[in-house]
Amino acid sequence: MSLQEEIDKTRRDIRTDGYSMSIGEWISLYEKNEIDIHPDFQRFFRWSDHQKSTFIESILLGIPIPPIFVSQRGDGVWDVIDGLQRLSTIYEFVGIFKPDAQEQNLSQNTSIFTLQETTYLPSLKNKKWNDPEDPENSFTQAQRLLIKRAKIAVNIVEKESDAIIKYELFQRLNTGGSIATPQEVRNCILLMLNKNLYELMRSLANRELFKSCIALSDRLYEEQYDMELVLRFILLFNKDNEDIQALGGDVSVFLTDKMREMALNQNLDFGSIEKAFDVTFNVLNETTGDNSFKRYRSQDNRFLGGFLLSAYEVVALGIGYNYQNPLPTDQISDRIKSIWSDQTYQKWSGAGVNAARRLPYLIPLGRKVFSPS
C-alpha cells in the first residue's frame, strides 16, 4: 500500500467535528449526565489550587482556552479525551462536581472551593462562585455570567471512527503534557479500555507482599512506578521466547502497545496472572523480602542499595515463569545471589545497556536460574 493510500484509508477511519461552546453549555452537559469526565483520572491529573485559580483568571480575562477533545459514544454521551482538569475545575468551582468514591472520602471536597490570589487579579483571593452565607466573597451575577458566556471549543471524535482512535488521541495529547510519567498515561488509557484489568493491576500493586519486596521510595509510588512493575510482570512473565528475542526499540512504547493489546483481549486469563504474581511475591517475601531486587556483594554476604530493575527482570520474571512448579523456598536466596556472579547478568545489566537490549538476555536467564530442573 502506498503512502497516499495509507493516508486516504486512515483519514476515512477518523471522523471528527468541532465548534465553540459556552461554559454554560459545558455546565449543562455535565448536569444532564451527557458528558463523562472520568473522575477516576483525578488521581493522575490533579491541579493545585493555584493552577485552578489561574485557569479561572484566564477565563475572566478572556485569554483563549485550548479546545476540549471528546469522543462520542454510541449512546451519544461524550467521553473526555483531553480537558479533564479544565472541565473539572469549572465544575468544582461552580459547585456541581461529582467526585468518585475515593474523592468523596477526602474532606477537602466537602467545602466550597475558594480561589487564590493570582498574578493579574489578586482580588480573586477567597472568592467563591456563589455562597449565600458569604456574599461579600462571592462572585457577582455579572461575573458569573461572564464565565458562563465564555467560549471553549470542542473537537469531537465521532462514534463512527475507528474504535482505537480515541485512545491513540488520548495518548498523544497527554504524553509529555500535564501527566508526569508514561505509566500515568497508561493507567488512564487502561481505565478507558478495560477497567477490570486496571483494577486487577491496582489490586496486585497494593499487595503488601509485593510492596515489601520492591521497597520503593515515596516519589516512585507517586509516579505510579509500582503499577509499571506490575505491568512489566504480567506482560513478560510468560511471554514466548521468540517474542522476547524479537523485542527492540523503545520499551516504553512496547509496554503501552502490549498493554493495549491485552486490554482488548476478550479471553484474558485473569486467574493465571494473579496466581503467578502471588506465588512469585509470596516466595520472595518468605525468603529475601526487601533484599530481593538489591545488589548482592559476595565479599561480605550483604545486599546493598535500593531497587534495581535489572534484578527484578531476572528474579521476579524468572520465578513467575516457573510459578506452576516453583523451587523449594530454601533454594531461592542462593539462586538470587548466584545471579550477581553470572557472566550474562554482568554483561547485560550494567550502565549504558538499555532495556530493549538487555531483556532478551535477562529474561531467559531468570527462567533458567529459577527452573526446578
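## Surface and overall build

Accessible areas here come from the Shrake-Rupley method with a 1.4 Å probe. By that method, the chain of this predicted model exposes about 18800 Å². Carbon and sulfur atoms supply 45% of that area.

The chain has 373 residues, and 48% of them are buried. Its secondary structure comprises 19 helices and seven strands. Take the contacts with a separation of 6 or more: 72% of them join residues 24 or more positions apart.

## Confidence

The average pLDDT of the chain is 87. A score of at least 70 is reached by 88% of the residues. Residues 101–110 have a pLDDT below 50. Beyond near neighbours in sequence, that stretch makes eight contacts in the model.

## A nonpolar surface patch

Three residues form a nonpolar patch on the surface: Leu61, Ile63 and Tyr120. Together they have about 320 Å² of accessible area.

Tyr120 sits in the loop between helix H5 (101–104) and helix H6 (141–149). Its relative accessibility is 62%. Exposed means over 50%, so Tyr120 counts as exposed.

## Cysteines

The whole structure contains zero disulfides. Cys188 has a relative accessible area of 0%, and Cys213 comes to 1%. The cut-off for buried is under 20%, so Cys188 is buried, and Cys213 counts as buried too.

Notes:
Residues numbered from 1 in each chain as written. Predicted model: local features only at pLDDT ≥ 70, side-chain atom pairs only at ≥ 80, totals over all residues. Heavy atoms only, no water. Helix = DSSP H or I, 4+ residues; strand = E, 2+ residues; numbered from the N terminus. Buried < 20%, exposed > 50% of the residue type's maximum accessible area, 1.4 Å probe, protein only. Contact = heavy atoms within 4.5 Å. Patch = residues over 30% accessible without salt bridge, like charges linked within 9 Å, V, L, I, M, F, W, Y side chains within 5 Å. Salt bridge = Lys/Arg side-chain N within 4 Å of Asp/Glu carboxyl O. pLDDT = per-residue confidence, 0-100. Disulfide = S-S within 2.5 Å.
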